[in-house]
Amino acid sequence: MPEPLTPRPAPPRTPASATARPAPVAPGEPWTDDPYAHALRAGRGPLYLRRMGEGTGPELLLLDVERWCAAVDAADTSVLRRCTGPVLDVGCGPGRLVAALAARGLPALGVDISPIAVSRTRSLGGCALRRSVFECLPKEGRWGTVLLMDGNVGIGGDPAALLARLRELVRPGGRLLAEAAPQDVDERLTVRVEDAHGRHGRPFPWARLGTTALARAADATGWILTGRWTAGGRPFVELGQPHARPSADGRPGHP
């Protein structure tokens, strides 16, 4: 599942006389049905998030399907070399990162709500579960690294709730490697997945955070900013989990 989400103007409309428009389809569930599933099966877009309602940002945000379905690139590698196992990839999409970690001998698991994403991850030799990050997950509190890539900081439309949930998954002293939006943004919005023909899924909440906003949200949820860098035009942050979690009464706990 999805950053970067790159602003992109609406695709040009082709006159009806020049080509037959596809038959309309009922909106599917976000990230599970057409057109997202179709794009992952094909390995290419164009595919967009359409901003619903009024707003100051671009109407369409391009989803980088081709990159998600390709092998890892140099920017991805800059993240992978910071991973310590076991690794949980939240919103793993078609699985390029999980497969690359497995090839390096690091235990890794991808979780995604899209069945085609889980299927593609497994076909690449990676392990994946069809599950939401807010559901019960294996090894809670024992993951060495959690990945939040390709725009997945937007999951649920509430970054604070998401970052707080990820703290429950990482072991004391573990880390979160997250990708920020390339723009300096901090917004909550409602979007839907849409293809170039206007076929779309149901609206759902999403969020976009640049590096500054992501660092601020991390600090508010108890993460420690331990690094930040840019590779291939994509900004990343490294967040650390304190070595000891607080006890129920707020006093320092034990690892």
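In what order do the seven strands of the open sheet lie? In this predicted model, the order is E6-E5-E4-E7-E8-E12-E11, and the pairing within this open sheet is mixed. Select residues 128-130 for strand E6 and residues 224-231 for strand E11, and you have the edge strands, each of which pairs on one side only. If you then look along the sheet, the twist from one strand to the next averages 20 degrees.

Next, select strand E7, residues 143-148, together with strand E8, residues 170-179: the two run parallel and are joined by five bridges. Within this pair, show the side chains of Leu147 and Leu177, because Leu147 in this view stands opposite Leu177 of E8.

Helix H5, residues 115-123, lies across strand E5 (108-112) and E6, running at about 165 degrees to E6.

Finally, turn to helix H4, residues 96-103. Is this helix mostly covered or mostly uncovered? Six of the eight residues of H4 are buried, so that the helix is mostly covered when buried is taken as under 20% relative accessible area. Colour Arg96, Leu97, Val98, Ala99, Ala100 and Leu101 to see these buried residues of H4. Just after H4, select Gly105, where the backbone takes a positive phi of about 85 degrees.

Key
Residues are numbered from 1 along each chain as its sequence is written. This is a predicted model: local features need pLDDT of at least 70, side-chain atom pairs count only at pLDDT 80 or more; totals for chains, interfaces and linings use all residues. Side-chain values use heavy atoms; hydrogens and water are left out. Buried means under 20% relative accessible area, exposed over 50%, partly exposed in between (1.4 Å probe, protein chains only). Helices (H or I, at least four residues) and strands (E, at least two) are DSSP runs, numbered from the N terminus. Axes are lines fitted to C-alpha atoms, for helices over the stretch in contact, and angles run from 0 to 180 degrees between N-to-C directions. Contact means heavy atoms within 4.5 Å.
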